[in-house]
Amino acid sequence: MSTSATPRARMKSPISAAAPARLGASGKISGRTFTTVTTIVLIVFAIVWLIPSLFALKTSLSENGTAALGATAILSDWNPTLHSYAALFNAGDIWNWYLASGVTSVITAALTVLFASMAAFALSRLNFRGHNIVYLLVILGIMIPSQVLIVPIFQELGAINLLNTYWSVIFPQIPAVIAVFIFKQFFDGIPRELEEAARIDGAGIWKIYWSVVMPLSRPVIAAVVILTFVGVWNNLLLPLFVLSNPNLMTIPVGLATVQGSFGQRYADIQAGAVLAALPLIILYLIFQRQIVEGVTGSGLKG
Amino acid sequence: MTTAEAVNRPAMAVPKKASARQRSMIGARNRRGAWLFLAPFGIFYLAFLLGPTVWMLISSFFNTSTVRPGLGSFAGFANYAEMLTRADFWSAMWHTLQFTIYTVPPLVMVAFVFAVLTNRVRRGQWFFRLAFFLPFILPSATISLIWVFIFTPGSGLWATIVSWFGVAPGAGVLGDPNTAMIGIAIATLWWTLGFNFVLYLAGLQEIPRDLYEAAAVDGATAWGQIRYITIPMLSRTTTLVILLQIIASLKIFDQVYLMTAGGPGISTQVALGLITNTGFTDNRIGAASAASVLLFIVIVAIAVIRQLFDRSAARKAA
């Protein structure tokens, strides 16, 4: 089927197409020199941009004693050690933090995709009174900065006794209105003839949603799952205030909390920083295209 | 039934183009079905987005506190009056603005330059995307731990490098009230540049190739092409990026909390930091709500401008 209206097709070219403009005969030499110079400049900046991550990685592979001596000592040390990683894994907290981050990110991503796609299906395909009001609420929701609601959300979670549970991290992050918007745009681009055929076969709306529309929406489902997962994994503000039990903390909150008690153990701290990011780096390496497309799509449409 | 079967069915030709939206939608008998589809998301939307917004508005007029249940006594506009006359409120608002001023121009300009350059490179684009975009998906905790360590006074990577240029180490970037916000801005530039970078790359790909070819035939230089084709053609992306960036900057919390905790003194305290301190440390929910409402209004105003801009741009494109 033609997917010209889908986010994926539109996003594909920006990422893979590379060919720079062909220049006419007169501009050939200056054009080529220009390209060479820009490439060199770009490589320099790319290296500058990689330095902080690589420096953190290098520090995490040093002894705490070396790391405490400073940057020169770290960079001139050629004996990498996994000592800091072993120390963190043996201390044990990190396992709980991984569990909390993993559970909350996966459940939030699953529920957001299910609920947002259902709402988007209704907006895209179903005729009901109040359609315009619901759509207006969606637009309104995109503009609400949920971070600013931290105080009332904390109070609400306290009132319904959910503080210090995974649910207190999951529930407030489910209404990601942008996800409804992304799904609706995608659904609007799916030809209705496909459903028509299913309907003639006697399929109900749930069947059309679940067996016709959703299987066609794999790229956008992948994008929303990954973006939600990354967003929940990285969230600091909400879990910082709704979780105070160290065993339930997500990894950014756990690290932020114990940071002080690490004192001069700089290699351990950097190992913690690397471990917090590691699942996301792996995710990025596997789903590079979906992540970049998803981020671009939500940025352009949100 | 498979998709292929559905496509090949002769029946699919019958509905043709359903011009009116009403007709293309699944009919009236499914009205209740529609609400069942909307309900799960709707419940969470009301409970954790619209509801808290309304509650925040209400409690901003009461002496609500975490130590007592309920709203507390009616306070009228007292919370607002207090916030608007508190020096630390204005200082937090100023620091938020300061952060916005420090980060938005470089985030827009550097991302633009990197994207234009990357777009010209024939091979190895994946490497530049990796270098510039990867930091964006890292947790704020990771980037803050990395940069606090880089900014270690005296022996840190930053101090080592600037000492080659004869800069005295002093209290370190984050330890000096005059430079702490600059340190946070540098870390933020490194962290979030990738977002604008990929938006610009996407925008660049939508510029028709023939424009450049025509310009080259007319003898335009590489710089001339950027000046007269690329920059004007990307103006929509630029406006979008600026508005998104302003909204994101106004909501800054993580980096400040993790890197300086608002210090030294209150020299880097930002709006959301003041709100959480007032609410969770001082237990004064009413006052925190009033401050939240004020920040909320500023952010929503810019978000509305964004929506209006989007709509007018879409209309122009159509």
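Conventions first. Residues are numbered from 1 along each chain as its sequence is written, while chains are lettered from A and ligands numbered from 1 in the order in which they are written. As the model is predicted, local features need pLDDT of at least 70 and side-chain atom pairs count only at pLDDT 80 or more, whereas totals for chains, interfaces and linings use all residues.

On confidence, the model scores ipTM 0.84 and pTM 0.85. A contact here means that the C-beta atoms of two residues, placed from the backbone, lie within 7 Å. Where pLDDT is low, the predicted coordinates should not be read in detail.

How many residues does each chain put in? Helices are DSSP runs of H or I, at least four residues, numbered from the N terminus. Nonpolar covers Ala, Val, Leu, Ile, Met, Phe, Trp, Tyr, Cys and Pro; charged covers Asp, Glu, Lys and Arg; the others, Gly among them, are polar.

Now a helix pair in chain B. Helix α12 (residues 235-250) and helix α15 (residues 285-317) of chain B pack at about 165°, with axes 10 Å apart. Axes are lines fitted to C-alpha atoms over the stretch in contact, and angles run from 0 to 180 degrees between N-to-C directions. That angle makes α12(B) roughly antiparallel to α15(B), a term for angles over 145 degrees. Among the residues making this contact are L243(B) and I246(B) of α12(B), and I302(B) and F309(B) of α15(B). The contact residues divide into twelve nonpolar, one polar and two charged.

Helix α5 (residues 83-91) and helix α16 (residues 266-286) of chain A pack at about 75°, with axes 9 Å apart. This makes α5(A) roughly perpendicular to α16(A), the term for 65 to 115 degrees. The contact includes Y85(A) and L88(A) of α5(A), and A271(A) and L275(A) of α16(A). Its residues divide into six nonpolar, two polar and one charged.

Technical notes
Helices (H or I, at least four residues) and strands (E, at least two) are DSSP runs, numbered from the N terminus. Angles under 35 degrees count as roughly parallel, over 145 as roughly antiparallel, 65 to 115 as roughly perpendicular and the rest as oblique.
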